[in-house]
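Welcome, and please open your viewer. We will go from stop to stop, and at each one you will hear what to select and what is there.

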Amino acid sequence: MYNAYGMYQPQTVSGGGYSESNYTGATASSTPPSLSNSRAWFDYFDRDRSGTLDREEVVNGLVVTMKLPSHKLQSIRDSVYSIWTVFDHNNNGSIDKREFCSPGGLGESLLAIAQSHENTNTNTTGPSSSSS
């Protein structure tokens, strides 16, 4: 959920005996663009129109775009945080559109991360049905 200043604020929901952050897009009725269109993806998740994305805006964007279950949130967050400084060339804590959309930029790396997580989800779709 976004506050009056356009900043993302995770909601806490209870379920299964624990609390988790509920990451949702500000516009639930609209579908986010694919990461393969990095400029459109950047613009869509730059909700405050600052011209930059911070780490949590990117994490939120990935969760929404990939429709991830809550147990994958920390894995995505760890991935984003681990590569952030490679792309934040001026070390200001945020990524501008050039840093995101340029060839070899953060957008391309996020697309690879998303594809990796999708492959992991495909390969771990449930308990094995083989018997010994």
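Start by selecting α2, which is mostly covered: ten of its twelve residues are buried. Here, buried means under 20% relative accessible area, exposed means over 50%, and partly exposed is in between (1.4 Å probe, protein chains only). Helices (H or I, at least four residues) and strands (E, at least two) are DSSP runs, numbered from the N terminus.

Before going on, a word about what is on screen: this is a predicted model, in which local features need pLDDT of at least 70 and side-chain atom pairs count only at pLDDT 80 or more, while totals for chains, interfaces and linings use all residues. Residues are numbered from 1 along each chain as its sequence is written, and side-chain values use heavy atoms, with hydrogens and water left out.

**Stop one: along α2**

Keep α2 selected and color its buried residues: Glu-57, Val-58, Val-59, Asn-60, Gly-61, Leu-62, Val-63, Val-64, Thr-65 and Met-66. From its first C-alpha to its last, α2 reaches 16 Å, close to the 16 Å expected at 1.5 Å a residue; the expected span is 1.5 Å times one less than the number of residues.

Now look at the two ends. At the start of α2, a side-chain oxygen of Asp-54 comes to within 3.1 Å of the backbone nitrogen of Glu-56. Lys-67 sits in the loop between α2 and α3 and, at 65% relative accessibility, is exposed.

For another residue of this kind, go to Arg-49, a non-glycine with a positive phi of about 55°. Arg-49 is in the loop between α1 and β3 (52-54), and its relative accessibility of 59% makes it exposed.

**Stop two: the core**

Which residues does Leu-62 touch? Leaving out residues up to four places away in sequence, they are Leu-35, Trp-41, Lys-67, Leu-68, Ile-76, Val-80 and Leu-110. A contact here means heavy atoms within 4.5 Å.

Leu-62 also belongs to the largest nonpolar core, which has 26 residues. Such a core is a set of buried Ala, Val, Leu, Ile, Met, Phe, Trp, Tyr and Cys residues joined through side-chain atoms within 4.5 Å. Select the residues with the most contacts inside this core: Trp-41, Leu-62, Ile-76, Val-80, Phe-100, Leu-106 and Leu-110. At least two residues of the core come from each of α1 (38-45), α2 (55-66), α3 (73-87), α4 (97-101) and α5 (106-123).

Next, show α3, a helix of 15 residues that reaches 21 Å from its first C-alpha to its last, close to the 21 Å expected at 1.5 Å a residue. Its buried residues include Leu-73, Ile-76, Val-80, Ile-83, Trp-84 and Phe-87.

**Stop three: Leu-53**

Select Leu-53, in strand β3. Is Leu-53 buried or exposed? Leu-53 is buried, with a relative accessible area of 0%. Not counting residues up to four places away in sequence, Leu-53 touches Trp-41, Phe-42, Phe-45, Asp-46, Val-58, Trp-84, Ser-94, Ile-95 and Phe-100. Draw a line from Leu-53 to Phe-100: they are 47 residues apart along the chain, and 8.8 Å separates their C-alpha atoms.

**Stop four: charged pairs**

Side chains of opposite charge can pair when their charged atoms come close. A search of the whole structure finds two salt bridges, each a side-chain nitrogen of Lys or Arg within 4 Å of a carboxyl oxygen of Asp or Glu.

Show the side chains of Asp-43 and Lys-97, which meet in a salt bridge (2.7 Å, N to O). Asp-43 lies in helix α1 and Lys-97 in helix α4, so this pair ties together parts that are 54 residues apart in sequence. Asp-43 is partly exposed at 34% relative accessibility, and Lys-97 is partly exposed at 28%.

Then show Arg-77 and Glu-56, whose side chains form a salt bridge (2.9 Å, N to O). The pair links distant parts of the chain, with Arg-77 in helix α3 and Glu-56 in helix α2, 21 residues apart. Arg-77 is buried at 17% relative accessible area, whereas Glu-56 is partly exposed at 25%.

**Last stop: confidence**

Finally, color the chain by pLDDT, the predictor's confidence in each residue, from 0 to 100. The mean for the protein chain is 76, and 68% of its residues reach 70 or more. Over residues 1-28 the pLDDT is below 50, and this stretch has 50 contacts in the model beyond near neighbours in sequence.

Technical notes
A polar contact is a pair of N or O atoms within 3.5 Å; within protein, one must be able to donate a hydrogen and the other to accept it, and residues adjacent in sequence count only if both atoms are side-chain atoms.
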